[in-house]
Each structure stands twice: as C-alpha cells, then as structure tokens.
Amino acid sequence: MSKKPAAAPTLHKVIMVGSGGVGKSALTLQFMYDEFVEDYEPTKADSYRKKVVLDGEEVQIDILDTAGQEDYAAIRDNYFRSGEGFLCVFSITEPESFDATQEFREQILRVKNDDNIPFLLVGNKSDLADKRRVPLDVCRERAAAWHVPYVETSAKTRDNVDKVFFDLMREIRSRKSDDGRATNGDVRGKKRRKIKCAIL
Amino acid sequence: MADINMENFAVPDFVPERYVKELARSCVGGEELQQQKVKIEGLAEETASALKRNVYENYMQFIETATEISHLEAEMYKLSHLLSDQRTVLTNLSQASILGNDNTLSPESIDNHDLEAERAEEERKNKLNLITEKVEGCMNLLDISDRILLHEGDLLEIDAEENTALQRMHVYLFNDCLMLTCWISNRRGPMRYKFLTSYPISTIAVVNVRDLGTVKQAFKVLAFPDTRVFQCNSLAIKKDWLDKFESAKKMHIEKETSNQKKKESQEKVKAEMLESPSLSVEELPSPQIATLPDWLADVIEELDVLIVERHFQKTYDLMTSAQKTLTTEDFIKHPQRTDILKKIDQKQKALTEILLKELDVTQNWSPRGGLRSSRYPIQILNKFNMTSQACELFLDICSQTVKAHVKGVQLEGSILSYVKQVGDVFFCSLSDALTEFTMLFPKNKISSFVVWASLQLRILMSQIVKQIFTPQCALETLLNCVQSLRDQCTLFCEFGLDFRFQLNSYLRTPIKRALQEYRDKIVDSMKAKVTEDKWTPVNMHTKAGTNRFLIQMTDMGINLTKYVINETWIDLSSSTIWFTQSVMTVQNIGIKIVTEEMMDVVDICIFAIFNARLELSAGSDSSYSQKNFTFLLEVLIPLMLRLYKEEVGYDNETLLGLAKEYGVSVAPPKKSNITKYTSNEYL
C-alpha cells in the first residue's frame with residue numbers, strides 16, 4: 001500500500017536531553033515552527049517530525065523532546081535507546097544544569113554502548129550573557145574531553161538553533177554511511193575519528 | 001332447601017348458573033329465596049373479611065421475614081468478616097512457618113484481608129479471564145497475582161517511517177505490561193482479537209506525538225528495538241491513553257522502590273538471624289534432664305491453634321495444666337521452663353485480649369446472640385481474675401440488649417399498650433440479666449448490677465416520660481400508664497430488687513407538671529365557661545344519653561339521679577357540670593397518680609380550681625346561677641371532702657379551709673351527708 005516510488009526520505013532521530021527548564025522544548029519549537037514560547041510547561045515526552053533539506057538532500061528529522069524532570073533513570077533508558085543523535089542541552093545561567101550533563105552523557109553512552117554516538121553539547125540561553133554563570137572555557141573544556149562539539153544557542157533569538165540541529169544531522173548521516181561501509185571493510189574507527197577532528 | 005356453606009362453592013366444577021337454577025328450584029316462594037340471598041351475602045362478606053385478614057397476616061409475616069432476613073444478612077456479613085480475619089491469621093501463620101522460603105503468596109494477597117479487597121480480587125480475575133477468552137493465543141494473564149487492567153481500546157497503528165496506516169489494533173494496558181492484539185477479520189466464536197505481542201512496562205517509553213505531518217492524535221510507544229505509532233480517534237482518547245501510561249509508570253516505580261526496600265530489610269533480618277543463632281529445642285537439651293513430653297514441648301503452638309479455632313475453654317484448660325505440670329518437681333529445673341511459662345503468659349494475655357474483644361459491644365456485637373453467648377468468655381475471664389472487666393463488659397452487653405429490646409417495641413395503637421409492652425420488655429430483660437449475672441459473678445459484684453440496673457431504669461424513664469407526658473395525653477391515660485409501670489416494678493420486687501422508690505422519684509416532676517398544667521387549663525377556661533353559660537338546665541336529648549351521663553358521673557363518685565327532670569334534662573347548668581367533672585377528675589386521678597408525700601400537689605390543685613370558681617361567685621345575677629353556686633358549695637365540696645378522706649384517710653385541710661371561708665358548714669362526715677345531695681331540697 002505504501003509502495004510509492006519516491007519513498008519517504010531518510011529519517012534522522014534526534015533526542016533532546018538535559019535538565020528541566022534549560023530550553024529543550026524552546027529550541028525544538030524554534031526549530032520546528034520559528035517561534036519562541038515564553039511560558040514554561042514541563043514536557044513529558046513529545047515527538048516532532050519535519051522535512052528539511054540537508055546539504056541539498058531532502059531528509060526527515062524526528063525530534064524526541066524528553067522530560068527534564070524524568071527522575072527515574074530506567075524510564076529514560078527506554079527513550080535514549082531509540083535515538084541516533086543527542087542534543088545535550090544546559091543553561092549557561094544555571095551551573096546545576098551544566099553539572100547534570102555529565103550524568104546524561106554517561107547514561108547515553110551506557111545505553112547506546114557507543115562512545116562515538118553523534119552528540120552535541122549545547123549551552124542555551126546565550127542571550128542572557130549578563131546572567132551567565134557557566135564560563136565558556138569550562139564548557140569548551142568539557143566538550144573537548146568528550147570529543148564532542150560545543151555550541152551556544154539562544155532559543156529566544158534563534159541564534160545557532162538551525163546550526164545545532166543540522167550539525168547533529170550531518171553527524172548522524174555520516175555515521176550511517178560509515179556503518180554502511182563498515183559492513184564492507186574495517187575502516188570504521190579511523191574514519192569516525194577523522195570526522196570528529198574536522199568538526200572540532 | 002339446599003344448605004348453604006362454603007363447600008358448595010369450593011367444588012372445582014362449580015357453575016354459577018346451575019347453582020342458581022337449583023337454588024331457585026328448591027326454594028319455595030320469594031321469601032325463602034330472599035333468605036338464601038342474605039345467607040349467601042353473609043357468606044361473601046365473611047369470605048371477604050377472612051381474605052382481608054389473611055392478606056394482613058401474610059403481610060405481617062412478610063415484614064417479619066424480611067426483618068429476620070436483614071438481620072441474618074447482617075450476621076452473615078459479620079461471619080464473613082470473622083472468617084476473613086481468620087484467614088489473615090492463618091496466612092500469617094503459614095508465612096511464619098515457611099520462613100526463608102520465598103512465600104508463594106504475594107504481599108498484596110495478604111493485605112487483601114477485608115471483604116472489599118476480596119471482591120475486588122474476584123472482579124479482577126473475572127476481568128482478566130474475560131480478556132483471555134476474547135484474545136486468541138493470549139498470554140497467561142493470571143500468572144502475575146497482582147496484574148490489573150488499566151486501560152484498553154482500539155487504536156490504529158501507523159508505520160513509524162512512512163506515516164501510513166498499518167492495521168487496526170486492540171490494545172490492553174496492564175499495570176505491568178502492554179499487550180497488543182489485532183482484530184480477527186473472519187472471527188468465529190468468542191475470540192475477537194489475536195495476540196500480537198506484549199511489552200513489559202519497564203521496557204517501554206511513551207512519547208506524545210506533537211507533529212507527524214498529516215497524522216494527528218497519535219502517540220508513540222518506544223519498545224526497543226520496536227517503535228510503534230498509534231493513532232487515536234480523538235484527542236480525548238489520546239490524552240486518556242497518555243494519562244494511563246503515566247499512572248502505569250508511576251505504579252511500576254512505586255512497586256520497584258518498595259521491592260527494593262523489602263529486599264533490604266529482608267537482608268537485614270537474615271543478617272541478624274545469622275548473628276544470633278536460634279535456640280531451638282534440638283540444640284539445647286542437656287543429657288541429665290528429662291526431656292519435655294511432646295504435648296508440653298508443643299504447648300505454645302497448640303495454644304495458638306486453639307485460640308484461632310476459638311476453643312477458648314480448651315485453651316484455658318491446656319494453659320492451666322501446662323502451668324501446673326511445669327511447676328511440679330520434674331520440671332522445676334528444666335532449662336526451657338521459664339521460657340515456656342513466659343510464652344504461656346503471653347498467650348494468656350492474647351487470650352484475654354481476644355475474650356475482652358469478644359465481649360466488647362462496640363466491636364461487631366449482635367443482640368441476637370443473647371446473653372448466653374457471652375457466658376464462656378466471661379467464665380474464663382473470671383478464672384483469670386479479671387472479674388471486674390468481665391463484669392463491666394457484661395453489663396455493657398446487657399445495656400445493649402435492653403436497648404435493643406426496648407427499641408424493638410413498636411409504637412402502635414394506644415400509648416398505654418406501648419408503655420405496657422415497654423415495661424414488660426424492660427423488666428423481663430432486667431430479670432434475664434439478673435439471673436445470668438448471679439450465675440456468672442460472685443455475690444460481691446451484685447452491687448454493680450444494682451447500680452447498672454438503676455441507671456437503665458433512669459434511661460428508660462427519661463424516654464418514657466418524654467413519650468407519655470405530652471400535652472395531648474389525657475390525665476386518665478397518664479394514670480393508666482403510670483400504674484402499669486408501677487405494677488411491673490412491684491412484680492420485679494420478687495427478684496429482690498425494689499425500684500419503686502426510684503421509679504416514683506423519676507415520675508415525680510412530670511406528674512407534678514402534668515397536674516399543674518391541667519389545673520392551669522381549667523382555671524384559664526373557667527371564666528369563659530362561667531360567663532358564657534346560659535344558666536339553664538342541660539338537655540341530654542335522649543333517655544339513653546341521660547343514663548350514660550348519670551353512669552359517667554356515678555363512676556366519678558357523684559350521683560345526680562335527683563337532678564334529672566323530665567327524663568332528659570339535668571337540672572344543673574353546663575358550666576356547673578363541666579366544673580364538677582373537671583374538679584372530680586383532678587381529685588380522683590390526682591390521689592391515685594401521686595405518691596403519699598406528694599399529696600400537697602393534689603391539694604393545691606383542687607384548692608386552686610375551687611378557689612378560682614368560687615371567686616367568680618354566682619357568675620350571674622339570675623336565680624338559677626345562684627342555685628348552681630349553692631350546689632357547688634353545699635353539695636360538691638362536702639362530697640369531695642368525704643371522698644378524699646375515704647381515699648387517703650385524712651381530711652383535705654386546704655379545701656376544708658376554703659369551704660369554711662365561704663361559710664360552708666362541713667359537719668364531720670355522716671351518713672346524712674350522702675342524702676344531702678340526693679335530696680331535692682334545691683330543686
């Protein structure tokens with residue numbers, strides 16, 4: 001019944017993680033609908049899908065916006081399993097949320113059992129520079145330690161919003177093509193390393 | 001002539017036409033036929049009334065049966081409560097005995113000791129069974145003891161990648177798993193759905209789909225590696241599902257944490273057990289000391305069983321014999337002796353607690369058991385030197401019984417019959433309680449019974465006084481009620497308890513009030529009656545009426561035969577007759593209703609009524625009114641004084657004083673006085 005010749009474009013599954021109130025939903029909604037939602041309402045688990053053009057190729061992005069308040073780790077595991085790439089968000093005005101990223105990172109690595117899973121560390125609320133409490137170099141340090149890119153965004157001003165999603169999709173795409181090739185040869189680790197370096 | 005009786009009509013092949021024909025043929029003349037007709041009519045009436053009576057009786061029986069059934073129902077309920085209590089005890093026991101084993105009963109099933117939970121459990125099983133019947137290839141839903149259905153419904157599954165409809169599904173959400181089934185297209189029999197798969201709740205994550213292109217009202221279930229997207233028919237349904245998933249998740253988390261806690265505590269217990277090895281029977285016996293006989297070694301367990309089986313008497317016997325045996329020479333130095341004695345003491349405490357609870361009226365006690373049902377617990381408690389508590393509880397039970405019995409008397413018909421019945425029931429209950437009490441308790445406890453009984457009397461009297469001393473109640477009815485109570489109280493004296501003084505003291509104030517109210521009523525209406533009087537003789541219209549009036553007055557103690565003129569007229573004015581009746585009633589009833597020391601109340605009433613009347617003097621200038629006034633002074637007062645003295649044995653000083661004031665010369669009662677009012681001197 002769904003045997004259309006132009007089958008659905010490639011789907012990239014992105015998961016937003018991070019403490020409550022750091023702006024995961026705000027980023028998602030800004031990316032999806034170009035709008036900024038001021039009022040805060042805790043998310044349970046919402047998913048969105050959008051067709052975008054990534055480097056001239058039409059793809060679909062599936063965003064799973066998770067609950068920052070989810071305090072039961074076992075449930076979080078179930079969400080993380082379905083993700084192909086992660087945007088780990090914290091608020092630069094809130095050191096606690098930055099601290100929490102460590103835990104999220106560890107959990108993701110454990111669940112996906114993959115040290116090179118597409119992953120971006122995202123410092124949100126860059127528009128509130130005067131209230132900044134997490135120094136930029138500390139953020140960069142952590143990203144470097146993890147071998148992941150660090151980007152600062154503002155869901156309010158739309159600064160870097162597209163960038164984080166597109167960067168992550170690119171990583172996911174290259175991972176997928178890597179995996180495709182990996183079945184043929186044993187070039188996996190080297191290749192991936194190379195890409196990482198390029199982004200850094 | 002055919003004899004007319006029921007049998008003629010009762011034959012099965014009775015044909016009215018033929019019967020009438022035969023009747024007509026056999027009767028001679030119209031008159032006889034008329035007679036037959038009357039007879040038949042009488043028969044019909046009789047039958048109708050019999051039928052009515054039957055219906056009424058049936059009705060009453062039906063009501064009685066219904067109340068009996070409702071009582072029975074209550075009893076059954078209590079019984080089932082008791083049984084479920086016992087069940088808990090047994091499960092606890094069995095648990096305790098298989099210590100260490102992971103018990104087969106889940107913690108929930110032990111908690112479910114009350115009926116409610118049991119019913120819920122039954123319902124739960126039924127529900128799950130129903131689902132099993134509907135779903136082909138269904139997994140065993142009953143294998144988890146606390147599985148419950150949280151939600152179910154039809155959903156459309158959507159392809160997660162391509163957003164196209166896949167299939168119609170019926171989805172069940174249990175507290176521990178999610179079961180997916182699809183519709184059977186050509187179904188036969190009760191199976192409607194086919195089992196597809198199920199996911200444990202701990203492995204799934206639910207995602208609210210906010211935006212999926214054209215697909216609306218959808219949600220996702222992530223169950224690695226599957227991702228399933230479901231579309232609902234409406235937003236409300238979707239919200240419902242999401243809420244139910246949320247609650248399932250919460251339940252799961254709660255259970256998980258509680259399990260964890262339990263595990264921790266169990267480990268702790270185990271660790272403690274390892275630290276302090278148990279002192280079991282096998283380890284200890286030293287060779288030189290005689291081993292305990294089997295029954296003594298197991299005495300504690302045996303006591304437990306007996307208590308649970310409610311053989312209280314046997315429990316007591318075993319306890320005492322065990323204690324006795326342990327104090328004999330053979331065991332005086334046995335190492336386990338003190339231990340067992342201590343445990344027996346504990347059991348004794350438990351037993352007394354149960355017995356006390358048994359006797360506690362506030363805890364599911366039923367009046368239908370009667371007093372005898374409490375006999376055994378009380379006897380055992382007495383043996384444990386707990387006579388005081390037992391006595392208290394027993395009297396509480398008696399109170400409840402009395403209360404229930406008195407409550408059982410219906411306020412039907414006249415107040416008098418009600419009071420009679422209540423009195424009967426009350427004093428019978430008292431005597432029952434007394435006999436039971438004297439049998440159960442030693443003599444020195446009887447004082448508490450007396451105190452209790454007088455308290456009961458006070459409660460009863462406070463009720464009855466409220467019911468009978470009402471303004472609507474005639475003085476005569478009051479007298480009858482009071483007298484019936486006094487009679488019953490006197491009868492009860494045979495049991496050795498005289499409550500007459502108390503009874504009278506409770507009646508004193510209301511009687512006084514009733515008399516005063518009566519007096520006030522008469523004094524209030526006195527003036528109107530006198531001024532409105534037409535001052536003519538009263539016409540009784542018929543001879544029979546006159547006779548009735550005369551008899552009525554003679555019953556009161558005054559003979560007015562001489563005042564009859566022209567057969568139907570009474571030669572006294574209406575107000576005079578009214579006054580005579582009123583004041584005589586007060587005297588007649590007052591004397592009987594009060595006790596000796598209260599006579600002054602009656603005296604004052606009589607005096608006040610008379611005084612009020614005499615102050616109005618003749619009431620009118622007419623000579624007839626004068627004549628009536630003279631009747632009051634010279635006939636009524638002497639008569640009443642005489643009757644008073646006859647009744648109580650001394651003079652009514654107050655009335656006597658009043659008479660003197662109005663110049664009535666009251667000679668000491670002589671025979672001649674009687675003739676005075678019967679003479680026609682005033683005519």
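# Pairing, packing and contact in a two-chain model

Reader: Which residue stands opposite H151(B) in strand 3 of chain B?
Author: In this predicted model, strand 2 (residues 149–158) of chain B is joined to strand 3 (residues 165–174) of chain B by nine bridges, and the two run antiparallel. Within strand 3 of chain B, the residue that stands opposite H151(B) is L173(B).

Reader: In the hairpin of strand 2 of chain B and strand 3 of chain B, which residue takes a positive phi?
Author: The hairpin has six residues between its strands. Among the residues of this hairpin, a positive phi near 60° is taken by N163(B).

Reader: What is the bridge partner of I158(B) in strand 8 of chain B?
Author: Strand 2 of chain B is also joined to strand 8 (residues 226–231) of chain B, in antiparallel fashion and through three bridges. In strand 8 of chain B, I158(B) has as its bridge partner V229(B).

Reader: Which residue of strand 11 of chain B is the bridge partner of V538(B)?
Author: Two bridges connect strand 9 of chain B with strand 11 (residues 569–570) of chain B, and the sense is antiparallel. For V538(B), the bridge partner in strand 11 of chain B is I570(B).

Reader: How many residues of strand 6 of chain B belong to the side of chain B that touches chain A?
Author: The contact between the chains draws 22 residues from chain B and 19 residues from chain A. On the side of chain B, two or more residues come from each of strand 6 (204–211), strand 7 (218–223) and helix 6 (235–275). Strand 6 of chain B provides the largest share, and its contribution is eight residues.

Reader: By class, how many residues on the side of chain B that touches chain A are nonpolar?
Author: That side of chain B holds six polar and seven charged residues. The number of its nonpolar residues is nine.

Reader: Is K13(A) buried, partly exposed or exposed?
Author: K13(A) is placed in strand 1 (residues 11–17) of chain A, and beyond four places in sequence its contacts are D62(A), L64(A), S82(A), G83(A) and E84(A). The C-alpha atoms of K13(A) and L168(A) are 9.9 Å apart, although 155 residues separate the two along the chain. A buried residue needs 20 or more other C-beta atoms within 10 Å of its own. Because K13(A) has 19 C-beta neighbours inside 10 Å, K13(A) counts as partly exposed.

Reader: Which helices of chain B do the buried residues of helix 12 of chain B pack against?
Author: Helix 12 (residues 387–408) of chain B has 22 residues and reaches 31 Å from its first C-alpha to its last, close to the expected 32 Å. Its buried residues include A390(B), L393(B), F394(B), I397(B) and T401(B). The buried residues of helix 12 pack against helix 10 (337–359), helix 11 (375–383), helix 13 (415–440) and helix 14 (446–468) of chain B.

Reader: Why does V406(B) count as partly exposed?
Author: V406(B) lies in helix 12 of chain B, and beyond four places in sequence V422(B), V425(B), F426(B) and L460(B) are in contact with V406(B). The C-alpha atom of V406(B) is separated from that of Q421(B), 15 residues away along the chain, by 8.7 Å. A residue is buried with 20 or more C-beta neighbours within 10 Å. V406(B) counts as partly exposed because its number of C-beta neighbours inside 10 Å is 19.

Reader: How many residues form the second, separate core?
Author: The largest nonpolar core has 82 residues, and F394(B), V583(B) and I609(B) are among the members that touch the most others. I609(B), leaving aside neighbours within four places, is in contact with residues including I522(B), V583(B) and V586(B). The second core is separate and includes L27(A), A45(A), V171(B) and V206(B); its number of residues is 69.

Reader: What percentage of the residues in chain B is buried?
Author: The secondary structure of chain B comprises 22 helices and 11 strands. Of the contacts in chain B with a separation of 6 or more, 62% join residues 24 or more positions apart. Among the 683 residues of chain B, the buried share is 23%.

Notes
Residues are numbered from 1 along each chain as its sequence is written. Chains are lettered from A and ligands numbered from 1 in the order in which they are written. This is a predicted model: local features need pLDDT of at least 70, side-chain atom pairs count only at pLDDT 80 or more; totals for chains, interfaces and linings use all residues. A nonpolar core is a set of buried Ala, Val, Leu, Ile, Met, Phe, Trp, Tyr and Cys residues joined through C-beta atoms within 7 Å. A residue is buried if 20 or more other C-beta atoms lie within 10 Å of its own, exposed if 12 or fewer, and partly exposed in between; C-beta atoms are placed from the backbone. Two residues are in contact if their C-beta atoms, placed from the backbone, lie within 7 Å. Helices (H or I, at least four residues) and strands (E, at least two) are DSSP runs, numbered from the N terminus. Ala, Val, Leu, Ile, Met, Phe, Trp, Tyr, Cys and Pro count as nonpolar, Asp, Glu, Lys and Arg as charged, and the others, Gly among them, as polar. The expected span of a helix is 1.5 Å times one less than its number of residues. Two strands pair if DSSP finds at least two bridges between them.
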